[in-house]
There are 2 protein chains.
Amino acid sequence: MIYSSELIKGTLKTIVLKLLEDNNRMYGYEITQRVKELTKDRIQITEGALYPTLHVLEQDGLVTTELEYNGKRARKYYSLSAEGKSMTKEKVNELADFMETMKFLLDIKTGIA
Amino acid sequence: MIYSSELIKGTLKTIVLKLLEDNNRMYGYEITQRVKELTKDRIQITEGALYPTLHVLEQDGLVTTELEYNGKRARKYYSLSAEGKSMTKEKVNELADFMETMKFLLDIKTGIA
DNA sequence: AAAGATACATAAGATTCCAATGCATTAGAC
DNA sequence: GTCTAATGCATTGGAATCTTATGTATCTTT
């Protein structure tokens, strides 16, 4: 199952922040591959969605960047700022809470039937 | 906690379909109030979001409508069509699956390890 | 009789994502 | 050794979806 794109909307920023919290620093392409791998291809973050999101996070001061070269190939590493770290906690908590509410709304019995 | 609007995006259609599945038929205003009540004010569906969504569902043949009058006040009742019922199951399953995936993603402590 | 709740609806704008495209480097296949 | 696929950055036009604001009208409560 590949999730319809509308479901991804609104969660992308939180996913990116959480990955950065767990991994200290990552570059864009790495993020797309990690998400694909972790979700067994169910969530495919396109570059057209990711890069604008990363740039917004940077403009908002939630992440800092370091440009590094692996040979001649540039990699732009992103790391959480202090503000980004607290924002990550907020966003993750909000999403967890939201999912509980949705679960109740949809009367979904997960795991144990 | 009131969820940021971006979280609601993409789930509205599924919420509406599920409510119609549970309640046989409902009218627009009733849906906004029911969601507000069920989520203890955490999710507020605005009419500007709901009515276009309902109209799309109708155009797609997922719901049928009956206009009724309570005195002189019109109420437009929405009911799931056969197609709407199977779509509801699909959408609810997809959202449940998505939430499990998100839960896993957000629980990750370290990238490798 | 005024105000708030009920009930429908639309329109302009913002946000956010997708699909497509472009450029460049590196690794692997043949 | 050359060609293709993968890696890595990025932008653009367009589509979809929601928000805010507005409009009309009825019913209920004070």
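In chain A, strands β2(A) and β3(A) make a hairpin with two residues between them, and Gly71(A) in the turn has a positive phi of about 70°. Strands here are DSSP E runs of at least two residues, and helices are H or I runs of at least four, numbered from the N terminus. This is a predicted model, in which local features need pLDDT of at least 70 and side-chain atom pairs count only at pLDDT 80 or more, while totals for chains, interfaces and linings use all residues. Residues are numbered from 1 along each chain as its sequence is written, chains are lettered from A in the order in which they are written, and side-chain values use heavy atoms, leaving out hydrogens and water.

Strand β2 (residues 63-70) runs antiparallel to β3(A) over eight bridges; pairing takes at least two DSSP bridges between the strands. β3 (residues 73-80) also pairs antiparallel with β1 (residues 25-27), through three bridges. Ser79(A) in β3(A) sits opposite Thr64(A) and also opposite Arg25(A).

Now for the interface. Contact (heavy atoms within 4.5 Å) draws in 37 residues from chain B and 36 residues from chain A. The two chains bury about 3,600 Å² between them, 69% of it on carbon and sulfur atoms; this is the accessible area (1.4 Å probe) lost on putting the two parts together, summed over both. Three salt bridges link chain B and chain A, counting a side-chain nitrogen of Lys or Arg within 4 Å of a carboxyl oxygen of Asp or Glu. Asp97(B) forms a salt bridge with Arg42(A), with the closest N and O atoms 3.9 Å apart. On the chain B side, α1 (5-8), α2 (12-23) and α5 (82-107) each supply at least two of the touching residues, and α5(B) gives the largest share, 16 residues.
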